[in-house]
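Hello,

Here is the structure for you to look over. My notes on it follow below.

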Amino acid sequence: MKKMFVAVAFMACLFQSLLAKTELVVSYAYPWFNDLHNKLKEEFEKQNPDITIKFVAPTQNYEEQSARILREKVINKLPDVTFNSYSYLPTMAEKKVAIDMSAYLNDKESLGLSDSMLAPTTIDSKVYGIPFASSLPVVYYNMDLVKKAGWDKPLPRTWDELFELSDKVNAIGKNSVFFGETDTWLILALGLQRGGVLVNEKGKADFTTKAWQEAFEILSQLHTRAKMPPLKRSEAIASFYAGNIAAVIQTSAALTITEQSVKFPLQLAKFPQPSLESKGKLPVGGSVVMLTNTKNKEAAMKYILFVTGEANKFVPQYTGYMTSNAKAITQLQDFFAKNPNYTVAPSQIELMTKWPAFPGNNTLKATNTLWIHAEKLLLGQSKDSKGIAAQATKEINKLLP
């Protein structure tokens, strides 16, 4: 009788283990990604009933996400999968947080991926991240204010044209333009589109070069000429929604929420170039997905390849971000035809390049230092763009290895 009881108990335990689900812990930034991630979780778990997804509460931005992940690395509490900014991928690879996924990408074409799509996430021939939600800087226009200002030409294509429009909008007593993210992405865009580099061949920053001098001068002109209002980003976005600002320069990722929030005709345009002949690059923004724990490696890779595969079609529909997956793009043609604003960012793909980062242990501090100095020009605390550029160079180089 005792042997029979032991046998039954053993079979029951075996049956339970067969039914047990693999739980993947997934971490990401920005609460407004919640709906998208929940949709992907729902679709993935339908197809993979043996795997369940557990989300960590999202951080407020990529800086907080990076700091959290680095802390979790120290205490050996990393999640299975992490979504983070393109800009912090080099740091995550250097700190051995991100794990090389190249072995799972031998047949890229069948996955809807390509070498060019993976270029921004490839370091030393190893793929440490797969593009999840990509964005490029664009300009959001309140077409009511644009027309009231008497602008009867195509929307501005260069910075000179944007400042010409800003003069007209300011003349009718409205705020013309707001430039800003909560990080240095748009500042980098100004420099890279002029051929600037964040760190030179000596591993140092130099914002006194011609490209960066011009970029810092644009930051100053946004205050001195365009009279950019001295508002926090959240305040400026609310003012734009209310119809009081003619143009906002920001990520294409905000398109869905912007369309839901405004009552005026909204039109997107490309990020202004230095000239119509300019072929400068723009840093790709958004998030990549990384494998950050080998405990449930096979299940984690199944999830990663799912959310970056055909299911990536949900990304532009839920957020305004671009998909980088070829198979997802083919499924979105009807969506693009009905929603032309969603085609503006992808029309700049040929300009897309890596989001560069400062090297060493002080990446976050150096990035924040650049933002602090740029903000002085944007808010009019200083009009000396050359002096600010030199000061930023000096302070940031003290933080670099």
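The accessible surface of the chain is about 18400 Å², with 54% of it on carbon and sulfur atoms. Areas come from the Shrake-Rupley method with a 1.4 Å probe, and for residues only the protein chains shown count as cover. This is a predicted model: local features need pLDDT of at least 70, side-chain atom pairs count only at pLDDT 80 or more, and totals for chains, interfaces and linings use all residues. Residues are numbered from 1 along each chain as its sequence is written, and side-chain values use heavy atoms, with hydrogens and water left out.

Overall form. Along the principal axes, the C-alpha atoms fill a box of roughly 95 × 50 × 35 Å. Buried residues make up 52% of the 401. Buried means under 20% relative accessible area, exposed over 50%, partly exposed in between (1.4 Å probe, protein chains only).

Contacts. Take contacts (heavy atoms within 4.5 Å) between residues at least 6 apart in sequence: 77% join residues at least 24 apart.

Secondary structure. The chain holds 18 helices and 13 strands. These are DSSP runs, numbered from the N terminus: helices are H or I with at least four residues, strands are E with at least two. Two strands pair if DSSP finds at least two bridges between them.

Strand 9. Seven of the seven residues of strand 9 (residues 245–251) are buried, so the rest of the structure largely encloses this strand. Strand 7 (residues 137–142) pairs with strand 9 in the antiparallel sense, over five bridges. There, valine 139 stands opposite isoleucine 249. Strand 8 (residues 175–179) runs parallel to strand 9, joined by four bridges. Valine 177 has alanine 247 of strand 9 as its bridge partner.

Strand 6. Six of the six residues of strand 6 (residues 130–135) are buried, so this strand too is largely enclosed by the rest of the structure. Strand 6 is antiparallel to strand 12 (residues 285–291), with five bridges. Serine 135 faces glycine 285 in strand 12.

Serine 239. This residue lies in helix 11 (residues 233–241). At a relative accessible area of 14%, serine 239 is buried. Beyond its neighbours within four places in sequence, serine 239 contacts Asn244 and Ile245.

Best wishes
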